[in-house]
Amino acid sequence: MARHQPQTILITGATGYVGGRLLHRLESNGCHRIRCLTRRPDALAGRVADTTDVVAGDALAPESLRAAMEGVQTAYYLIHSMAAASPFVELDRVAASNFASAARAAGARRIIYLGGLGDGRSSLSSHLASRQEVGDVLRSSGVTTIEFRASIVIGSGSASYETVRALVESLPIMVTPRWVETAAQPIAIEDVLEYLTAALEWKTPGGAVLEIGGADRVTYAEIMREYARQRGLRRRLHQSPLMTPRASRFLLGLITPVYGRVAGAMVDSLQNETVVHSDTALEAFPIRPRGLSAAVERALVNEDHDFAETRWSDALGPDSPRRLAGTSFGRRMVSSRAADIPASAKDAFDPIQRIGAQTGWYADDWFWRIRGFLDTVRGGVGFRRGRRDAYDLRVGDTVDFWRVETLQQGQLLRLAAEMKIPGRLWLQFEVDEDGPAARIRQTTIFDPAGYVGLAYWYLFCPIHQFVFGRMLEGIAHVVQRRPDHDAGVTRSRTIRGQGPTSRHLPAG
């Protein structure tokens, strides 16, 4: 396919899940001029490239669309009102009509829209019927419209995926309605983005409705089981006629509070099959979507990658409230504490990179010895490995029952636990220089394996707070005892926490 000339592209929904990822993909390509239409321009501050324009506007306010549409050749319509308090069907109809009229008036050549699968010959839920009606409204404007219809999108942050995850993570035994046996064709978010970007290069004289789905046709129960398998969770599903749509909405509202209203509106749609009946998309584009297993695997890997990029020194404000059990980030539990020490970042980081083995853990070594012994008894690695070198540390090195996952000299050390626990645990140290002082932030991150992992976290949280807090105080004490440290300098500032050298903050 021949490439189009650079054009001005308008993206709606850039603060949302699909729109935000599409924005970054188009920005990274660097081939077009990007403009975002949003009701909340401040929400995109610092999240867009310098070359991307952000325009305030609302599809429900027609007069606000004129400036956004000026000079636009292609417009992505990724707006949905399902989370609104008002009836979403009418809101979607009005918003699509206003947008289509503005596109026609501005001379836009193409609208690309992401809707939902569902056989229109059967009785569709109000959600799926509305998604398809939006496509009809956009086409009726006369502007060439490419409508992609997709089933559940697999990706960390997708409302449908997060609903599945919340159910599997929270419930060891799930009493399910009949809709768990409904057929679907889940598609990975990466493949959705491939289709959306490929549509820019597709030369077609008119519009099209293209059904897209992953390589596997499965049931919602199989999606849940696959997620549980990859997370190492044992889950049982039992169908019951007592689990009515109303009961399902109530349950989802309790378990998925962030997406409660969306999940509740989706329940009726789960009774409709969302599978591909036409191969037009596969024939039109050189895209071969991955199957369910690969899609879930990619979602988990991407989440790990995004989480690994988090710097808690940036994520946490100085006045974050203290919580004994920490704060949840997605499915992970996070607890953080900090200490300000009158020293350079280099001096503050030195004892951190020597931690473990002969050096010890700077406080309560008896606790770590007992913990290592218990791990050995359970068949784990225990304290037997020590570390390769008492001073030199590299990525991949072992530190007792930890392994170095990330190391940035003088700035960051992340250790991944290899002990036998119901989940995954990380211990992270960050050092930032702030004038005459260095701030050490110590963060514990736990990815619980289901309800057993959550029970482990809450049961041992008081012990961990004490032990890790004492460790941070010990590191601060070692730094201040250095021979070249000015004994006359005031010791580290007293900060709200468990002692004069520590500040305990949750990652929230």
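A cavity is defined on a 1 Å grid over the protein atoms alone, as a set of points where a 1.4 Å probe fits but cannot get out. Lining residues have an atom within 4 Å of a point. Grid points are joined across faces, edges and corners, and a volume is the space filled by probe spheres set on the points.

The structure is a predicted model, in which local features need pLDDT of at least 70 and side-chain atom pairs count only at pLDDT 80 or more, while totals for chains, interfaces and linings use all residues. Residues are numbered from 1 along each chain as its sequence is written, and side-chain values use heavy atoms, with hydrogens and water left out.

The chain has 15 helices and 21 strands. These elements are DSSP runs numbered from the N terminus (helices: H or I, at least four residues; strands: E, at least two). Of the 508 residues in the chain, 56% are buried. Here buried means under 20% relative accessible area, with a 1.4 Å probe and protein chains only. Contact means heavy atoms within 4.5 Å. Among contacts between residues at least 6 apart in sequence, 72% join residues at least 24 apart.

The model contains 3 cavities of 30 Å³ or more. The largest cavity has a volume of about 80 Å³. Its lining comprises 13 residues, and Leu-167, Val-175, Pro-177, Trp-179 and Leu-251 are the closest to its centre. Strand 8 (173–176) and helix 8 (245–255) each supply at least two residues of this lining. By class, the lining of the largest cavity has 11 nonpolar and 2 polar residues, and no charged ones. In this scheme Ala, Val, Leu, Ile, Met, Phe, Trp, Tyr, Cys and Pro count as nonpolar, Asp, Glu, Lys and Arg as charged, and the others, Gly among them, as polar.

The second largest cavity has a volume of about 70 Å³. Its lining consists of Phe-367, Trp-368, Arg-371, Trp-402, Met-419, Leu-425, Tyr-456, His-464 and Phe-468. Helix 14 (365–377) and helix 15 (450–480) each give at least two residues to this lining. The class count for the second largest cavity is 7 nonpolar, 1 polar and 1 charged.

Ring pairs link Trp-361, Trp-366, Phe-367, Trp-368, Phe-401, Trp-402 and Phe-468. Rings of Phe, Tyr and Trp (its six-membered ring) pair if their centres lie within 6.5 Å; planes under 30 degrees apart count as stacked, over 60 as edge-to-face and the rest as tilted. The structure holds 18 aromatic pairs. In one of them, Tyr-161 and Tyr-227, the ring centres are 6.0 Å apart and the planes stand at 80°, so the pair is edge-to-face. Tyr-161 lies in helix 5 (residues 159–170) and Tyr-227 in helix 7 (residues 220–231), so the pair ties together parts 66 residues apart in sequence. Both Tyr-161 and Tyr-227 are buried.

A nonpolar core is a set of buried Ala, Val, Leu, Ile, Met, Phe, Trp, Tyr and Cys residues joined through side-chain atoms within 4.5 Å. The largest such core has 42 residues, and Trp-361, Trp-368 and Trp-402 have the most contacts inside it. Elements giving two or more residues to this core include strand 15 (332–341), helix 13 (345–353), helix 14 and strand 19 (423–434). Helix 15 gives the most, with 10 residues. Beyond its neighbours within four places in sequence, Trp-361 is in contact with residues including Trp-368, Phe-383, Asp-400, Trp-402 and Met-471. Another core lies apart from the largest one; this core has 35 residues, among them Leu-196, Trp-202, Ile-212 and Ile-287.

Two aspartates show a backbone feature of note. Most residues other than glycine have a negative phi. Asp-364, however, has a positive phi of about 55°. Asp-364 lies in the loop between helix 13 and helix 14. Its relative accessibility is 9%, so Asp-364 counts as buried. Asp-400 also has a positive phi of about 55°. Asp-400 is placed in the loop between strand 16 (398–399) and strand 17. With a relative accessible area of 1%, Asp-400 is buried.

Gly-20 counts as buried, at 9% relative accessibility. Gly-20 touches Gly-13 and Ala-14, not counting residues up to four places away in sequence. The C-alpha atoms of Gly-20 and Arg-47 are 9.1 Å apart, across 27 residues of sequence.

Conventions
On a 1 Å grid over the protein atoms alone, a cavity is a set of points where a 1.4 Å probe fits but cannot get out, and a pocket is an open set with protein on both sides within 12 Å along at least five of seven lines; lining residues have an atom within 4 Å of a point. Buried means under 20% relative accessible area, exposed over 50%, partly exposed in between (1.4 Å probe, protein chains only).
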